[in-house]
Amino acid sequence: MTQTLQNKRLLLGITGGIAAYKSPDIVRRLRDAGAEVRVIMTRGATEFITPLTLQAVSANRVHTDLLDVDAEAAMGHIELARWADAIIVAPATADALSRFAQGRADDLLTTLLRASDAPVLVAPAMNQAMWRDPATQDNSKILLQRGYQFVGPAEGAQACGDIGAGRMSEPLAIVDAATALFEQQLLTGQHVVITAGPTRERIDPVRYLSNFSSGKMGFALAEAAVEAGAKVTLIAGPVSLPTPDRVERIDVISATDMLAAAELSAASASVFIAAAAVADFRPRAAAEQKIKKTSDIETMRIDLVKNPDILRSIAESKRSLYCVGFAAETENLLAHARAKLAQKSLNMIVMNDVSRSDIGFAADDNEVVVITSEHAIHLEKTKKRHLARRLIQLISEQVGPGNRA
Ligand code: PMT
C-alpha cells in the first residue's frame with residue numbers, strides 16, 4: 001500500500017442512493033491507508049444508512065445539518081471546508097450532480113463545496129438511464145470543466161435490475177482515485193517560472209505608477225504547478241500574499257527588475273507563465289527628491305517611456321520554452337488576445353475580461369478563454385485556485401512527459 005494518503009484529511013460526502021451501503025467500506029479503506037476521514041451525510045443518505053454506522057467506522061462525529069448549533073460549535077462548516085485536503089462524494093446521485101453544477105448552497109454538503117478550495121472527487125451512482133440523460137451529462141461536463149474529478153460510474157447489473165453504466169465504482173477504485181488526487185505529478189521534471197502581481201514604477205521617493213493586480217492569479221498558478229510536481233520559481237511584484245509551500249520566490253518592484261529576474265530564471269526553465277500586470281510605461285527618470293507641490297503649479301506632466309515587454313523578450317530569446325501569456329482585455333476580447341498570441345510568439349494565451357469587477361484584477365474568481373493556435377477553450381467562472389489547476393492541466397497536456405520535444 002502506498003503512503004500517499006498517510007495523514008491526509010478527507011471529507012466524504014454521502015448522498016441519498018442505494019450505493020450508500022458501500023460508503024462505510026470506503027471510509028474503512030481510506031483510514032487503513034492512513035487518512036483521517038470526516039463524513040457528511042445529506043438527509044437522503046440518512047434514509048439508506050445511519051449516521052451511527054459512519055460515526056463508528058470514521059471514529060468522528062458525522063455531520064448532517066448546516067444549522068446544527070452543537071456541530072457548528074465543535075467544528076463550523078467553514079472550518080470543516082478549510083480542514084479538508086480533498087472532498088470525495090460517494091455515492092453522488094443525479095440530483096447531487098445537478099445541485100453541485102448549479103452552485104447551490106442550501107445544505108451542509110453543497111455549502112462546503114462552495115466554501116472549500118480542496119480538490120473534489122465524485123463517484124456517480126444512479127440508474128443507467130438517469131446517467132445517460134442529457135441533463136446529467138451536461139451537469140457532469142460543467143463539473144469536469146470546474147476541475148471536479150470523476151471515478152466511474154461503472155457498468156454492470158444495477159440494484160433496479162437494469163444493466164448499463166451507472167453503478168458506483170467499487171470502494172477500492174474510489175480509494176485509488178482519491179490516492180491519484182495527490183499523485184498527479186503532471187509536471188514532474190519541469191521548471192515553471194511564473195510572474196505575478198503588479199509592478200511599481202517610481203515617480204519620486206514616495207510615489208509610483210502601478211495597477212490593481214493582487215497577485216492572486218499568479219500565486220494560485222504557482223501552487224497548482226507545485227502540486228503537479230514542477231519546480232516553481234515565482235517572480236512576484238509587490239503583493240501581500242504568503243509564499244506557497246515549496247515555491248522559490250523572487251520579489252521585485254519594477255518592470256526592469258522583473259525582466260532581470262525572468263531572464264535569470266528562464267535560462268533553466270521549460271515553461272514560462274506571465275500572469276503579472278506589468279506597467280507598460282515608467283517615468284523617464286524618477287525624481288531624486290519628493291516632488292513639491294508649489295502654489296504656482298496647477299497641472300503637471302510626467303514624461304513616460306516604454307517598459308520592456310518581458311514576455312515577448314523571453315519568448316523570442318528562448319524558443320524552446322513553452323510560453324503562456326495572459327491577455328487583460330476590456331473590448332474585442334478574443335481578437336485582441338489572438339493578436340497578442342501572435343505578436344508575442346506565444347504557445348498559449350489566457351484571456352480574461354478585466355472590465356468586470358467580479359473576475360480579473362484583485363477578485364477571488366476568474367473566468368477565461370484559453371487560446372492556442374489549435375483551440376479556444378472557455379473555462380467558466382470559478383475560484384482562481386480551481387482555475388489554476390485546470391490551466392496547469394491544459395499546459396501539462398502540451399509539455400508533459402509524453403509531449404516533450
Ligand atoms: O493579480 P490578480 O489580482 O489575481 O489579477 C490577475 C490578472 C488580471 C492581473 C491576470 O489574470 C492577468 O490578466 N495578467 C496579465 C495582465 C496584463 O498585463 O495583460 P496585458 O494584456 O497587458 O499583457 C499581455 C501579456 O504580456 C501578459 O502576460 C503580461 O504579463 C505580459 N507583459 C505585458 C507588458 C509588459 N511590459 N511585459 C509583459 O510581460
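## Domains

Domain bounds here are those of an automatic or database domain assignment. That assignment gives domain 1 as residues 9–180 and domain 2 as residues 191–279 + 299–399. The centres of domain 1 and domain 2, taken over C-alpha atoms, are 35 Å apart. Contact is defined as heavy atoms within 4.5 Å. Between the domains, ten residues of domain 1 are in contact with seven residues of domain 2.

## Basis of the model

The model is predicted: local features need pLDDT of at least 70, side-chain atom pairs count only at pLDDT 80 or more, and totals for chains, interfaces and linings use all residues. Residues are numbered from 1 along each chain as its sequence is written, and side-chain values use heavy atoms, with hydrogens and water left out.

## Nonpolar cores

In soluble globular proteins, nonpolar side chains tend to be buried together. A nonpolar core is a set of buried Ala, Val, Leu, Ile, Met, Phe, Trp, Tyr and Cys residues joined through side-chain atoms within 4.5 Å. Buried means under 20% relative accessible area, exposed means over 50%, and partly exposed lies in between (1.4 Å probe, protein chains only). Helices (H or I, at least four residues) and strands (E, at least two) are DSSP runs, numbered from the N terminus.

The largest nonpolar core has 37 residues, of which L221, I273 and L391 touch the most other members. At least two residues of this core come from each of several elements, including β8 (191–196), α11 (216–227), β13 (271–274), β16 (322–329) and α15 (384–399). Helix α11 supplies the largest share, eight residues. Leaving aside residues up to four places away in sequence, I273 touches V192, V193, I194, T195, L221, V324, F326, I392 and I395. Another core, of 31 residues, lies apart from this one and has A45, V62, A90 and A125 among its members.

## Salt bridges

Side chains of opposite charge can pair when their charged atoms come close. A salt bridge is a side-chain nitrogen of Lys or Arg within 4 Å of a carboxyl oxygen of Asp or Glu. The whole structure contains 23 salt bridges.

R385 takes part in a salt bridge with D117 (3.0 Å, N to O). D117 lies in the loop between α7 (108–115) and β4 (120–124) and R385 in helix α15, so this pair ties together parts that are 268 residues apart in sequence. R385 also meets E223 in a salt bridge (3.0 Å, N to O). This second pair links helix α11, which holds E223, with helix α15, which holds R385, 162 residues apart. Relative accessibility is 35% for R385, 21% for D117 and 27% for E223; R385 is partly exposed, as are D117 and E223.

E329 and K340 form a further salt bridge, with the closest N and O atoms 2.6 Å apart. E329 is in strand β16 and K340 in helix α14 (residues 333–343), so the pair ties together parts eleven residues apart in sequence. E329 is buried at 5% relative accessible area, whereas K340 is partly exposed at 23%. Elsewhere, a network of salt bridges links D95, R99, R104, D106 and D107.

## A nonpolar surface patch

Patches are made of residues with over 30% relative accessible area and no salt bridge; like charges are joined within 9 Å, and nonpolar side chains (Val, Leu, Ile, Met, Phe, Trp, Tyr) within 5 Å. Accessible areas come from the Shrake-Rupley method with a 1.4 Å probe, and for residues only the protein chains shown count as cover. F281, I297, M300, I302 and L304 make a nonpolar surface patch of about 450 Å². F281 belongs to strand β14 (residues 281–283) and counts as partly exposed, at 40% relative accessibility.
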